[in-house]
Amino acid sequence: MRHAIIIGTGSYLPDNRLTNDDLAKLVDTSDEWITSRTGIKERRISTGETTSDLAYEAGKRALSSSKLSAEELDLIICATITPDSFMPSVACIVQQRLGAYHAAAFDLTAACTGLIYAMAVATSFIENGMYKNILVIGAETLSKTLDWSDRSTCVLFGDGSGAMILSSSEQKSGIMNVILSSDGGKREHLCLPAIPMANPFVKKDETDFRPTISMNGQEVFKFAVRSITDLVKSVLAKTGLKEDDIKYVVAHQANARIIEHAAKFLGISLDKFFMNLDRYGNTSAATIGIALDEMVQNKLLKSGDRLILVGFGGGMTSGVVLVEWN
Ligand code: UT7
């Protein structure tokens, strides 16, 4: 049986830092409100770099840390809700820029759970023997989708990209278990419209429409806490592991209070939950990849460590991956 192991990670954040005090000059908010309600202190905002620029940089770094050449990649999956264009995909742009001439490439949309879904797809391609080396990227420029006059959303998000290389191995480690879930019935709680319906036969004129993120914060909060709690419990039950067998939980970085509530309901020490949302805010599909790369850079992970990666987001979607570090 082949296993998918993580052999490289990379991340990339735009240089431009936007602090809570900077935001207080744009909308009626304060560092005190944002910090106490979310834990976020600052985020990175693109000054022109596109999602494919961010994805390329993170992908290049993941490739370099894996020691593979671009030509050894069989597939590139980019999870994003903020592509440069519907076509070409971000993954195809990255494929050409990396020189990954043998790789197939496509984008995947599962909002903030995108990286978990992409890891699940990549793992099944590796386990069924179709591909050996897969670059998985989560990349977003959410700043272009924000209503910068809406204080209830514009303070939460940031731009960034995280990536990893999954590779086929005989080793019984790496991605040990995956659970994905969706609830389309709750889809109206977190929305980002695409091109509105328009053709000569549609009466309504929406030519000035600019799509922006809208959200029912409290409903998303409840969904998030429930998703993390239920999925962590489910993956532990499925694998027969106990809380003590887990070194770290890397939850989607949306709000420190979401993570604190989930930790309390699970009875898992908050110390096990890696957090960097104070510096980057919510970068949607990118958060878990950025966090994992930071953990690698900071040498927090050693062979045999078990981690739980768990995400939630628009759709609504959620998912969990149990990893045994190799
Ligand atoms: O990837 C998933 C993405 N989304 C999320 O993770 C969002 C999950 N939800 C949340 O994180 C929280 O619901 C928020 C941080 C968005 C909001 O926190 P809350 O404790 O649920 O606040 P609220 O929506 O109940 O608003 C409380 C008050 C309101 O004022 P009034 O009506 O009580 O006078 C808001 O208008 O806070 C006000 N408010 C703000 N005040 C200062 C909302 N945003 C701000 C702001 N600065 N940025």
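Predicted model: local features only at pLDDT ≥ 70, side-chain atom pairs only at ≥ 80, totals over all residues.
Cys92 is partly exposed, its relative accessible area being 32%.

**Cysteines**

The model holds zero disulfides. Cys92 takes part in none, and the cysteine sulfur nearest to that of Cys92, belonging to Cys78, lies 11 Å away. A disulfide requires two cysteine sulfur atoms within 2.5 Å. In terms of accessibility, Cys154 counts as buried, at 0%, whereas Cys92 is partly exposed at 32%.

| Cys92 | Cys78 | 11 Å |

An open sheet of mixed pairing is built from five strands, arranged in the order S1-S7-S6-S4-S5. Its edges are strand S1, residues 3-12, and strand S5, residues 104-108, each of which pairs on one side only. On average, neighbouring strands of this sheet are turned by 20° against each other when direction is ignored.

Strands of a sheet pair through backbone hydrogen bonds, in either a parallel or an antiparallel manner. Within this sheet, strand S4 (residues 75-79) and strand S6 (residues 133-141) run parallel and are joined by five bridges. Which residue of S6 stands opposite Ile76? The residue in that position is Leu135.

Note on methods: Residues numbered from 1 in each chain as written. Heavy atoms only, no water. Buried < 20%, exposed > 50% of the residue type's maximum accessible area, 1.4 Å probe, protein only. Pairing = 2+ DSSP bridges. Helix = DSSP H or I, 4+ residues; strand = E, 2+ residues; numbered from the N terminus. Axes fitted to C-alpha atoms, helices over the stretch in contact; angles between N-to-C directions.
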